[in-house]
Amino acid sequence: MIKFIATNKWFHNHHVLRNINLEISKGEVIVICGPSGAGKSTLLRTINKLESIDDGEIIVDGMYLSDPKTDLTALRAEIGMVFQHFNLYPHKTALKNITLAPRKVRGLGKKQATEKALKLLERVGLTHRRDAFPVQLSGGEQQRVAIARSLAMEPKIMLFDEPTSALDPELINEVLDVMVSLAKEGMTMVVVTHEIGFAQKVADRVVFMDDGEIIETGIPPDIFVNPQHPRTRNFMSSVFHIPVFGETEEEK
Amino acid sequence: MITGVKITLILLVSTTISSLLLGTVIAIMRVSRIKVLRAFGTLYVEIFRNIPGLFWLLFFYFVFPDLLPPGLAIKLNTYTYYPVVAGIVGLTVDNASYVSDILRSGRLAIPHGQREAAISTGLGRVQQYIHVLLPQMFRAALPPLGTRMVHNFKNTSLCMAITAPEITWATQQIESLTFRGIEATAVATLFYILLAGVMVSIIITLEKVLKIDISSISHSETAS
Amino acid sequence: MDLLDQFSNINFYLFGTFPKGEVGGLLLNIIMAFLAICFSCVFGIMLGYSRLSCRLYIKLPCIAYIELVRSTPLIMIIFWFYFFLPYLFGGNVTVFWSAVVSLCAYAAAYQAEIVRAGIMAVPKGQLEAALSTGMSRYNAMRYVILPQAFKIMLPSFVSFFVSLFKDTSVTYIIGVMELTQTGIIVSQRQPDKIYAAYLSMAIGFWVVCFTMSHLARRLEKRIGVFDLESIRPDACRDEFMLVPKTKKTGEGVDETPSCCSSDSK
């Protein structure tokens, strides 16, 4: 489904992605973890080309990303993305946030789009908030609307960029629950997160990154409990020594 | 033309300074606790901002002397540089209203704690302003203030309307004497663009210097 | 009686010799400002948007135009068009149109800056969110970015309109019969009416500007329910260096964040 071949990226002199080789198959749930500044988010954002790469190739669903003829809009329509800061449109209600893209990109009628959006809102448990503006929603609610917004395009792949790290600890679970149910339905997911619990529950593979490199890849128990590489071990021990589970993100 | 440049520079420097002073006073009035001062400050801004600067120039040149006792009026009217003086006054009152507005929003942006800290260290009202509030007001207001000053510089060209011999007026003189209007206008335009560029770069440097100042302060705070 | 006599030619100030002759006075100021605003809006939005383009051959000319105009006094721009338009259109350009064109060229540069600042003040995450739901760049601009940018820009736009209206007075220099020119002519021909002339000028401009800025404040209050504050909390300042930088330009452009909006508080 997604294939990175010897991908490299520089920000000026900073080598942010070093020779990334990774293959993600359909229905797989991948969790990417690692210290801040490791290039996790950058890696994720190259998949729908919010960031371009300087070297190598990424193939997503048979489309070559470095090919200038690739229709980016069509590609992005197939890939849902959930951001750390939600990025809901502040001038539109929850419902309208969801219906906008289906109507403008897929050309759905107002009625159809609304029906679909309501179904998705029900799914994330926010039917009663349909007419609220983003400011009126809590962080967890905003993030769930954001997930519904991505799902409205019926994507084949979902990307999550630290979806819970801007949330208060008590709101994290409501978002994770939605993500878990999504994973169980067989959605292809790439998740950058520090939620070890989530990773252990649903991840098929965990990718550990540091300094722009993939250090280690494996099934969750291997990476978390029995890491091979010293850098992974270092990181994991520092993460696990922090007593409160939800507060592992000490990035900022 | 050279005198034109000189007069323009005189106008620029004097109006910049005087409008900063007047603007600061008005701004402080407008955030004052005394109702009368506040009302006066607001009235000033409402009046001067809603009437074109050109009007104030004309007013101070043509009408103002008439309002004075006749003896003084004649003195003024025969004073060679009266156009320049009227220009300075007119530009100042116009520009000061903008300056006061910018500074006022700078004042409102300062967290309440700053003043409380100043009070609790025993600073008097005037000292609070001089040492704590004003420096921060100017720092916060620097970018819009800079833009305003460039604007003010451009407005000095309006002084030609009251025959102050600045550069635009000189241009018109050259045109009517030699009919080489386009060349003269080109030179004058170039002059304005260059000087505006110089002003902008001074402002940018100032911003940078002040920013370094701020960051070094916060740095030493965290270090200690 | 004396007072009435002072203001006997009030019609001149308001609309010149309109029913019989040409339009003049305050009405002419309003017409000029209106035309200039309409034309320059279109031009300014295009200019501001192209200034944001990544392509240098689009961006550089825009920057050059904007910066040149912004560092030239309006009076100079009026002279330039006064000299040049007759060359282009063969000498029969009225001063009125020459004035409107120069105001337009002048205003467009300022509006372009407001538009640019407005667009840049919308957090970059909004564009990314829109793109990642598969919207095209045009759609993302049209439905997501511009509606938000417009709200950010509105106060600056209106305060610029007020200042543009005041700037129409400068056109008297090439002999447009607007309010200032009328006042000057009357006060020179009938020196006894000098006070009335200047009072009419002041009141004329003041009433229009004051009304406009008042309307602007009302509009801000009504429209500003969920404007900037709703964007700030998730604005990713640390990730996008552009945001704080833009904000500064934004303030620089509107230079006077709505003259007295917080008075009422």
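This is a predicted model: local features need pLDDT of at least 70, side-chain atom pairs count only at pLDDT 80 or more; totals for chains, interfaces and linings use all residues.

1. Let me begin with helix 5 of chain A, residues 139-151. Of the 13 residues in helix 5 of chain A, 13 are buried, so the helix is largely enclosed by the rest of the structure.

2. Chain A also has an open sheet of four strands, in the order 2-1-4-5, with antiparallel pairing. Strand 2 (14-24) and strand 5 (63-64) of chain A each have a single partner strand and stand at the edges, so one side of each lacks a neighbour in the sheet.

3. Now for the pairings within that sheet. Strand 1 (residues 2-11) of chain A is joined to strand 4 (residues 55-60) of chain A by five bridges, and the two run antiparallel. Here A:Ile5 stands opposite A:Glu57, while A:Phe4 has A:Ile58 as its bridge partner. Strand 1 of chain A is also joined to strand 2 of chain A, by seven bridges and again antiparallel; in this pairing A:Lys3 stands opposite A:Glu23. The hairpin of strands 1 and 2 of chain A has two residues between the strands, and A:His12 takes a positive phi near 50 degrees there.

4. On to the charged pairs, for which the count over all chains comes to 19 salt bridges. One of them joins the side chains of A:Lys9 and A:Glu51, at 3.9 Å from N to O. A:Lys9 is in strand 1 of chain A and A:Glu51 in the loop between helix 1 (40-47) and strand 4 of chain A, so the pair ties together parts 42 residues apart in sequence. Both A:Lys9 and A:Glu51 are buried.

5. Which residue of chain A does C:Glu128 pair with in a salt bridge? The partner is A:Arg45, with the closest N and O atoms 2.5 Å apart. This pair crosses between chains, from helix 7 (residues 124-132) of chain C to helix 1 of chain A. C:Glu128 counts as buried at 6% relative accessibility, and A:Arg45 is buried too, with a relative accessible area of 8%. A network of salt bridges links A:Lys9, A:Arg45, A:Glu51 and C:Glu128.

6. Within chain C, C:Arg116 and C:Glu113 form a salt bridge whose closest N and O atoms are 3.2 Å apart. The two are three residues apart in helix 6 (residues 95-121) of chain C, and therefore separated by about one helical turn. C:Arg116 is buried at 12% relative accessibility, as is C:Glu113 with a relative accessible area of 2%.

7. Helix 3 (residues 25-51) of chain C deserves a look as well. Its 27 residues should span 39 Å at 1.5 Å a residue, and the end C-alpha atoms are 37 Å apart, which agrees. This helix has a kink of about 30 degrees, centred on C:Ser40.

8. Finally, chain B. A nonpolar surface patch is formed by B:Tyr79, B:Tyr81, B:Val85 and B:Val89, with about 350 Å² of accessible area together. B:Val89 lies in helix 5 (residues 82-109) of chain B and counts as partly exposed at 31% relative accessibility. Elsewhere, B:Ala161 sits in the loop between helix 7 (125-155) and helix 8 (167-178) of chain B and is buried, at 14% relative accessible area. B:Ala161 and B:Pro83 are 78 residues apart in sequence, and their C-alpha atoms are 9.4 Å apart in space.

Notes:
Residues are numbered from 1 along each chain as its sequence is written. Chains are lettered from A and ligands numbered from 1 in the order in which they are written. Side-chain values use heavy atoms; hydrogens and water are left out. Buried means under 20% relative accessible area, exposed over 50%, partly exposed in between (1.4 Å probe, protein chains only). Two strands pair if DSSP finds at least two bridges between them. Patches are made of residues with over 30% relative accessible area and no salt bridge: like charges are joined within 9 Å, nonpolar side chains (Val, Leu, Ile, Met, Phe, Trp, Tyr) within 5 Å. Accessible areas come from the Shrake-Rupley method with a 1.4 Å probe; for residues, only the protein chains shown count as cover. A salt bridge is a side-chain nitrogen of Lys or Arg within 4 Å of a carboxyl oxygen of Asp or Glu. The expected span of a helix is 1.5 Å times one less than its number of residues. The bend at a residue is the angle between axes fitted to the seven residues ending there and the seven starting there.
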